[in-house]
Structures are given as C-alpha cells and as structure tokens.
Amino acid sequence: MEKLFVTGGARLQGTVRISGSKNGALAIMAGALLASGRTTLRNVPKIGDIFTMVETLRSLGAEIETNGDWLSIDATNLTSCEAPYELVKQMRASFCVLGPLVARLGRAKVAMPGGCDIGSRPIDYHVKGIQTLGAYVDTDHGYVYAESLRLRGAPIYLDFPSAGATQHLMTAACLAEGVTVIQNAAAEPEVVDLARFLTQMGARIDGAGTTTVKITGVRELHGVDYTIIPDRMEAGTFGIAAAITRGDVTVTAAAPEHLEPVLPKLQEVGARIDAQNDSIHFRMVDRPLATDIMTMPHPGFPTDMQQPMVALLSVAEGTSVVTENVYERRFKYISELQRMGADIKQEGRTAIIKGMPQLTAAPVTATDLRAGAALVVAALAAEGQTEIAGIEHIDRGYENLVDKLCSLGAEIYRADSERRGTALCLA
Ligand code: UD1
C-alpha cells in the first residue's frame, strides 16, 4: 500500500492553481443524466471520486469521453436503470443518480451508498423527497427501488439543509409535472452551481442559494457546455497549509466569495489575506492564535474545513474550542493528531484544543478524505518525517496534492512503504 512521507518544517511559498470542485462536479455529472444530447463539462478535477462517477454513469449506458480536465457525457440512450453496489458503496454522491434515472426512465434501482466514515449519513431525506414527488419507493437487500411514470411537483421540507438531498431533489424535480418547492434547502455554492447548470440545460429553477428553491418542471432538457466552479475546500486547505508553515501562498483559479466563512477565521488566527477576483494570497508571519469554530450549513463554517483547521489550531497560541454540528463522527482523526503530540480533548461534538508550540512526526492513518488533509497539514509543520497511511481517501478528493505541495516547497512524496523499507535496509 502506498503512503505519504512528509518532512515538516519547509515554509510553503509560491502559487498554486486550484482544480474544479469535487462536490460541484459530482452533482452536475448526475444531473447530466437528465438531458438528451451531449454535455461538455470543463474544469473537472482528476480525482478518485470523479472516476467512480464516470464508471457509474457508464454502467447506466451513458457515453463518456475524457481528456484532461474536460469530460463529455451523452446520456441520450441510457441502457440500464441500475447503479450497482460495487460502485455506489465507494461514494455516497453516486446515490444521486436515483432521481434523474426515475425522471428519465421511469424507474431506478440504486445500491445504498458508502463514502467517508464520518458519522451516520442516512438517505431518508432523499427517499422521502422522491416519494413526495410521487414515486413508489421500496428498499430491499441493500438497494433502493423507485418507480414513477412521471414525477409530480410537490412541496418538500428538509429537516436539515442537506446539500446532497437539495441537489438530488432539485434534479429529480426538473422533469416533473408541475412545481416543486424545497423548503429549508441547502445554500452551498455547489447547489447554486448545479442550479445554474440545470437552468442552462433548460430547467426552470428559482431561489438556489437561499433556503427556498422552486423548480417548475419542463418536458425535456438538452446538453450544454459548462465550466465547473473552483474547489473551495482545496483552496481552503492550501490556505491553512500556508498558515501552519508560516508561508506565503497564492491560490489562483479560485472563488474567494465561496470561502467567506473560512477567510475571516484564518484572519482571526493571524493570517494576512488578500482576496482578488479569482485569487487569494495567504501570508502568515507569527505563530497562529487560538480561535473558536462551530461548523454549520452554508454560509456557516464548512464541516469539510473543520479537520484541517483543527490541525492548524493544534499549534496555536492558546486554547481553541471547535464544535462539529454537521457530522457527529468527524472527530475520528483526533487520535491520529494526538499521536503527533497534539493536545486535544473531545467531549461529544466539541474538541478542546490546547495549542502546542510544535508537533512531532509519527506514523498516522487517514480515516476519511478531510482527515487525510488534516494529517498532511499537521505533518507539514511537524518535526521529523510523518508517514501517512490511508491515502486512498486523499486521492478521492485532492488532485495532484503531492505535486502541488512540492511546487510550493514542501518535502513530501508518496511511496510503497514495503519497498521503501527494503531500499533503506539495502542502503
Ligand atoms: C455533502 C458533501 C460533503 C459535506 C456535506 C456537508 C458531496 C459529495 N459531499 O455531503 O463533502 O461534508 O455535504 O456540507 O457533496 N442527512 C440526513 N438524511 C439525509 C441526508 C443528510 O439526516 O437523507 C444529514 C446527515 O447525516 C448530516 C447532514 O444531514 O448530518 C448534512 O448532510 P449532507 O449535507 O446531506 O451531506 P452530503 O450531501 O452527504
């Protein structure tokens, strides 16, 4: 198994280009199933989750071509309404083909999803929503079956502003008969991006980015040429990495407005930030200061940035309190940071972080995607060489992370730990 080897201490300096949004691209790829004709997507990140979605769409009969960050999807002649377990178990977002399949083919059979192990991640809002749109839904032997000759628009209330359920139900409602109103909808930038994409395909959607989204069903949608928004989580991760190494980093091809909840918190810990149209300059001179954080649905502090931020706060001056309000198990990586010398106490959904002057290298394991990002951030500032296992999680969501960090001066490489051990013995 490959691992990451990171020697801490290098100050990150330079410019790095941000890739397209993972979460945005995944929702849009599922949405592309709604159209007859070819859809071209640009700025698609080359990461594990996108490859999984490509395979899922291919298994349904969609024709897909890829070239660099460009992807074309032709779902005119779908041949299957079944998304198999082997693919859906790898990534929760692939469950969101259910609604588009019912809308296009009248039925769907989709395995119950997998994805990062960060707490209970039910699909009840998705299932209830599709039922509210008039589909017959049944779950059996690990699969969800849904059937409807034509979905019917209806009012839907989400108990929590779930990003995935908002996106999924928005796509399902596009071809429904009549008007759907989603109340307590998520307002994440990726929801707005999906609405913009669907609208370009011919859908009628109002209110995306607010808590009430109205979708007026149309008869058909057509293929389009669309550019995915920048990945705000990748940009945020590089900002945090710059801060922990007291570096000087500019991220380009970014969308500063999507990081509105993150940038003020980085400023609070002492980072100097200069945001322009599509770039953000992060500079950190002194040791970071402690701060308190509560994760919330957008425009609150994003849960995906909680983990790398805790890594930063573990070397801050003072004590920070971080409360996770979205996923109850998104603190599993804390024990790994503790192995690196972090002083963190967890009480339920709250982490109390007493900043240490210095972390130290240790063998650690990434348990999910953003936990992996947190460990990389911590390792960049730790004394000695940290060995990070479980890097398949990082590959799911960060494009060329090692190359990008190397270009900023980090000492990081990936290698097979067995072979590396042999090489060291022979030397
Ligand atoms: C998406 C993002 C993920 C991010 C999360 C929260 C993708 C591919 N992933 O995940 O990176 O961390 O939003 O911003 O876009 N919930 C239910 N029932 C449901 C659906 C959700 O109870 O049917 C709950 C979840 O358990 C969680 C909360 O709602 O507590 C938010 O989840 P949700 O926004 O749906 O997350 P995802 O869309 O899975």
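Two strands pair if DSSP finds at least two bridges between them. Helices (H or I, at least four residues) and strands (E, at least two) are themselves DSSP runs, numbered from the N terminus. The model is predicted: local features need pLDDT of at least 70, side-chain atom pairs count only at pLDDT 80 or more, and totals for chains, interfaces and linings use all residues. Residues are numbered from 1 along each chain as its sequence is written, and side-chain values use heavy atoms, with hydrogens and water left out.

Select strand 8 (residues 107-111) together with strand 10 (residues 143-147); they run antiparallel and are joined by 5 bridges. Within this pair, lysine 109 has tyrosine 145 of strand 10 as its bridge partner.

Alanine 83 stands opposite valine 110 of strand 8.

With these selected, the view shows an open sheet of 4 strands in the order 7-8-10-9, with mixed pairing. Strand 7 (82-83) and strand 9 stand at the edges, and each has a single partner strand, so one side of each is left without a neighbour in the sheet. In a regular strand the side chains alternate between the two faces of the sheet.

**Second stop: the hairpin and its turn**

Centre the view on histidine 141, in the loop between strand 9 and strand 10. The hairpin formed by these strands has 2 residues between them, and histidine 141 takes a positive phi near 50° there. Is this residue buried or exposed? Histidine 141 is exposed, with a relative accessible area of 73%. On this scale, buried means under 20% relative accessible area, exposed over 50%, and partly exposed in between (1.4 Å probe, protein chains only).

**Third stop: further backbone features**

Most residues other than glycine have a negative phi, and most peptide bonds are trans. Select asparagine 400, which has a positive phi of about 45° although it is not a glycine. Asparagine 400 lies in the loop between helix 13 (392-397) and helix 14, and its relative accessibility of 44% makes it partly exposed.

Then move to histidine 298 and proline 299: the peptide bond from the former to the latter is cis, with omega near 10°. Proline 299 is placed in the loop between strand 20 (293-294) and helix 10 (306-313).

Select lysine 404, which belongs to helix 14 (residues 401-407). At 12% relative accessibility, lysine 404 counts as buried. What does lysine 404 touch? Leaving aside residues up to four places away in sequence, its contacts are Val16, Arg17, Ile18, Ser19, Glu234, Phe238 and Glu399. Contact means heavy atoms within 4.5 Å.

Now display Thr237, Phe238, Ala241, Val376, Val377, Leu380, Leu401 and Leu405, which line the largest cavity. On a 1 Å grid over the protein atoms alone, a cavity is a set of points where a 1.4 Å probe fits but cannot get out, and lining residues have an atom within 4 Å of a point. Grid points are joined across faces, edges and corners, and a volume is the space filled by probe spheres set on the points. A search of the whole structure finds 1 cavity of 30 Å³ or more, and the volume of the largest cavity is about 40 Å³. Helix 8 (232-244), helix 12 (369-381) and helix 14 each supply at least two residues of its lining.

**Fifth stop: cysteines**

Search for disulfides, defined as pairs of cysteine sulfur atoms within 2.5 Å: the whole structure contains 0. Cysteine 81 is in no disulfide, and the nearest cysteine sulfur, that of cysteine 96, is 17 Å away. Cysteine 81 counts as buried at 14% relative accessibility, whereas cysteine 406 counts as partly exposed at 35%.

**Last stop: alanine 163**

Finally, select alanine 163 in helix 6 (residues 163-174). Alanine 163 is partly exposed, at 27% relative accessibility. Apart from residues up to four places away in sequence, alanine 163 touches Ala186, Glu188 and Val191.

Terms used
On a 1 Å grid over the protein atoms alone, a cavity is a set of points where a 1.4 Å probe fits but cannot get out, and a pocket is an open set with protein on both sides within 12 Å along at least five of seven lines; lining residues have an atom within 4 Å of a point.
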